[in-house]
Every structure is written in structure tokens, then in C-alpha cells.
Amino acid sequence: MMRWLYAKGDINHRQIKMDPVSEGYTLYQRPPNGRYYVQYSIKGQGQQRLSLGTSDPIEAERRAQSKWIKACALAEVGLSVNKKHFEKIAEEFIAGIELAVQRGEKAEYHAKQYPMIVRRYFVEHFKGKLMSALKADDIDEYWDFRKEYWITGPGSKNPLIEYTRMIKGEKTRVFRPVKEGYPSKSTLHKESLLLRQLFEFGQRRGYVIEIPEIHAPKDKRRKDNSRPGFTWEEFMHLKSVSENRVREYEFSQDDPTGKNQKTYQDRLRLHCFCMIAAFTGMRPTELFNLSWGDIEARKIHAENGELCDVTVMQVRGKGKEREMAAMPETLTFINLLKSLFYVATGRMPEDSDPVFFNHEGKRIRSFKIGLAKLLVAADLREARNGKLRDSFSFRHFYITQQIREGVGHHLLGRNVGTSSKMIDAYYSKIRPTDEIAQLIPDWSKKRLLQYRRK
């Protein structure tokens with residue numbers, strides 16, 4: 001027999017029907033519409049309250065029992081009984097990323113880049129869907145949506161992309177024009193990894209049992225995505241042109257404004273950047289992250305037994321850190337930068353000061369314009385395949401030269417922070433004609449002599 005109670009303190013005398021303990025749920029009505037609601041508790045997940053959408057007691061009893069049985073089944077296999085939509089789970093995922101960044105467990109770029117990707121693309125497409133209901137077909141539909149986002153999709157309606165950046169301690173909205181085009185293969189691959197992380201987060205929270213296959217769509221076209229490097233002759237020509245450009249303003253006369261002196265210092269800094277990049281193979285970001293405390297001079301015994309000075313750097317970039325050995329040639333340009341820093345600030349650099357700096361001694365992030373002008377002046381801006389050279393070209397040059405001198409791929413990969421596979425696929429610029437002596441052995445004469453002897 002069912003028991004009916006009245007909720008204490010309820011002036012409308014909410015009527016409650018207490019079911020047998022074996023059922024595990026409670027039915028009750030709320031005025032004024034008289035609809036029934038069900039309430040039950042799941043161990044570890046707290047109380048659940050759901051509307052049954054009916055005022056008929058028999059139908060309410062049937063629906064309540066159905067929901068209770070389903071909730072028990074979900075809890076039995078370790079799933080949450082809460083039917084959270086994709087958007088809410090995504091916000092929990094973002095909150096976890098931001099908290100991990102605050103604790104120092106993840107790099108800062110996670111909090112800057114990932115929330116924007118999740119909200120702009122993932123949430124925009126999946127919106128109110130349940131994560132547990134998403135299958136492989138839904139993921140395939142997403143990739144079509146992502147490819148067209150800025151072309152015919154939601155992004156095509158907004159000509160500007162908005163970012164939030166911390167500038168002088170304050171959050172500032174920054175806008176840049178949309179570069180219309182389809183996402184690159186690397187962009188889609190990065191986003192596929194992030195989407196899988198989001199689904200794995202939902203799986204750990206019990207919102208989904210199985211994760212659908214999440215792979216970025218394959219581009220079947222064969223492309224050479226590697227940047228062009230330099231041959232040794234091209235690099236030496238660039239070095240000569242850069243030195244001549246520096247000398248143009250080295251001893252300039254009639255310069256009361258000091259403009260020529262600033263140009264001289266800018267070109268000398270750029271020259272040092274090019275040389276250090278070429279003799280270390282560091283990524284541009286790693287170079288601009290360098291501080292003077294990251295550079296250490298050591299003495300080692302060379303192959304000929306002589307004691308020589310080498311430079312060891314603590315390199316930071318792409319969210320990772322490593323120790324790398326630089327070529328001895330870098331010492332000259334490091335000392336030049338120290339002298340330039342003294343001229344700019346009136347003091348010698350401290351450990352926290354940047355290696356690449358502006359006229360005020362503050363860290364700079366790019367030589368893009370100056371380097372482009374230098375490459376144009378040396379007639380090396382465009383490679384034979386039509387691709388434009390940039391600061392990454394020095395990394396390709398360094399790796400190619402090291403391979404040519406017999407440095408092993410594994411050791412070289414550890415020094416420059418990449419894998420042997422990546423070196424083979426993108427970085428090594430050794431052409432067959434570079435090893436032409438090995439490609440034209442005198443085997444025809446040897447075989448002819450052997451044939452005649454027979």
C-alpha cells in the first residue's frame with residue numbers, strides 16, 4: 001500500500017507518494033499543474049530529480065519505474081546517470097585545462113589556444129547533442145563542417161577573428177582578418193587529438209562508454225610541405241650580403257638624429273640572428289625565447305685532442321625544454337649581441353634579459369620584415385620550387401650540413417628536438433648530385449675487365 005505525505009513548509013501542500021523501499025524512488029506532484037516528478041539517489045552521484053511530464057498517476061508510475069531501471073543500469077556499468085550535453089562536458093574540460101595551467105602542470109598555450117578551438121568548432125557543431133550518442137558518422141560530418149567553416153560555414157559571416165590577450169596586465173580584445181582557406185593537414189591533425197582528449201575526459205567522467213574513431217581526414221594528394229633551405233654556396237652568399245649591409249651604416253656621417261646608427265644595430269642584430277640560427281638549427285620561437293641565463297660556455301676535448309670552447313643552450317619551445325650543443329661559431333655572434341645590449345641599455349645583460357632585444361633592451365618576437373629584405377637583397381627569397389625562404393630555412397640548412405658531415409640521425413634529432421622520421425621527411429636537403437662522386441663509381445670498366453679475362 002502506498003503512503004502519501006505532505007512536504008513540510010510547503011504552503012501549497014505538495015503531495016508526496018512514498019514507494020516501497022525496494023523501488024528506490026519517490027513520486028511527487030507540484031501544483032499548480034499537478035505534474036508528477038520522480039526523485040531517487042544513485043550512490044556516488046547524489047540525488048536526481050526529473051519531470052515525468054504527466055499528471056496521470058498510472059502513467060507517472062510507469063515512467064518513473066522506467067527511468068529508475070535505466071539509471072540503475074547506467075550506474076552498474078560505471079556511467080553517469082546525468083544526461084549532460086556535449087556543450088556542458090566541453091566547458092568542464094576547458095575548466096580542467098585552465099586549472100592545470102594555473103597549477104603549472106601544462107604549458108600556458110593550452111589555456112590560450114584550446115578553449116577557443118573547443119568552443120568555436122567542437123561546441124558550434126555538436127551543440128546540444130549527447131556525447132554518448134555521437135558515433136563515427138557524426139565525427140565524419142564534423143570534418144566536413146570544419147573544412148567549410150571559414151568558406152561557407154558560420155565563419156564566413158564574420159570577417160574578423162577575435163582573441164583575448166593579456167596586454168600590460170589587462171585583458172584586451174584583439175581582432176585580425178580571416179584568412180579564407182581550408183585548414184591545413186597539420187591543423188586538422190592537432191584538432192583531432194584535442195577532440196579525442198575531450199572524449200577521453202567524458203569517458204573518465206562516465207558520460208560515454210565507447211569513444212568513436214577520431215582521425216583527421218587523410219589528404220591523398222602528395223605534397224612537399226617542407227620549407228626550402230640553403231646550399232652551402234647560397235648560405236655563404238647570404239652571409240656576405242648581410243655583412244655588406246651592416247657595413248653600409250657602420251661609420252655613417254652626418255647623422256644627428258641617430259637613425260643610421262639604429263639601422264646599423266638592427267642589421268647587426270639580424271646578422272647575429274641568422275648566424276646563430278644557421279649554426280644551431282634552433283626553431284625561431286626557441287631563439288626568441290632565449291635568455292642570457294640559458295647560455296653556458298663549456299670546455300671540451302675535440303676529436304683532435306685539443307681543448308676548445310663550446311656553447312650549450314637550454315632551449316624552450318613547442319611546450320618542451322631540452323639542452324642542445326651549438327657550433328663553436330656561435331660564440332662570436334653571442335659576444336656581439338652582448339656588446340649591442342650594453343650599447344642599448346648601458347649595462348651588461350643579466351640572466352633574465354633576452355638574447356634578442358630591441359633598442360630598449362626588451363624581448364622581440366620576430367625579424368620577419370628585416371629577414372625578408374635581406375633575402376631579397378641576396379636574391380634568395382624564392383627557392384627554385386617557388387616556395388619562399390624564411391627563418392626556418394636556417395634550421396634546414398643546419399640539419400643538412402650535419403648529416404653531410406656524418407652526424408647520426410638519432411643524435412642530431414635529440415639535439416634539434418625532432419625525430420629521425422621528421423628529419424628524413426622534411427629537413428634533410430641533401431640532393432643526389434651533392435654526393436655525385438659516390439653515384440658515378442667506375443663499375444663499367446671493372447666489369448669489362450672481368451669479362452675480358454674470362
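## A tour of charged pairs and a nonpolar core

Select D137, D140, E141 and D144: together they form a negative surface patch. The model is predicted, and every stop below is read from it. E141 has 44% relative accessibility and so counts as partly exposed.

**The core**

Next, select F356 and F394. In the largest nonpolar core, which has 42 residues, these two touch the most other members.

**Salt bridges**

The structure holds 19 salt bridges. Four places to look follow.

Start with R196 and E200, whose side chains meet in a salt bridge at 3.4 Å, N to O. Both are in helix α5 (residues 185–204), and because they are four residues apart, about one helical turn separates them. R196 is partly exposed at 34% relative accessibility, and E200 is partly exposed at 28%.

Move to R322 and E286, a salt bridge in which the closest N and O atoms are 2.9 Å apart. R322 sits in strand β10 and E286 in helix α8, so this pair ties together parts that are 36 residues apart in sequence.

Now select R316 and D294, which form a salt bridge with closest N and O atoms 3.0 Å apart. R316 is in strand β9, whereas D294 is in the loop between α8 and β8 (295–301); the pair therefore ties together parts that are 22 residues apart in sequence. R316 is partly exposed at 29% relative accessibility, while D294 is buried at 12%.

Finish with E59, R62 and R63. What joins these residues into one network? Salt bridges that share partners do.

Methods. Residues numbered from 1 in each chain as written. Predicted model: local features only at pLDDT ≥ 70, side-chain atom pairs only at ≥ 80, totals over all residues. Heavy atoms only, no water. Patch = residues over 30% accessible without salt bridge, like charges linked within 9 Å, V, L, I, M, F, W, Y side chains within 5 Å. Areas by Shrake-Rupley, 256 points an atom, 1.4 Å probe, with all protein chains shown as cover. Lys, Arg positive; Asp, Glu negative; His and termini not counted. Charge placed at Lys NZ, Arg CZ, Asp CG, Glu CD. Buried < 20%, exposed > 50% of the residue type's maximum accessible area, 1.4 Å probe, protein only. Core = buried A, V, L, I, M, F, W, Y, C linked by side-chain atoms within 4.5 Å. Helix = DSSP H or I, 4+ residues; strand = E, 2+ residues; numbered from the N terminus.
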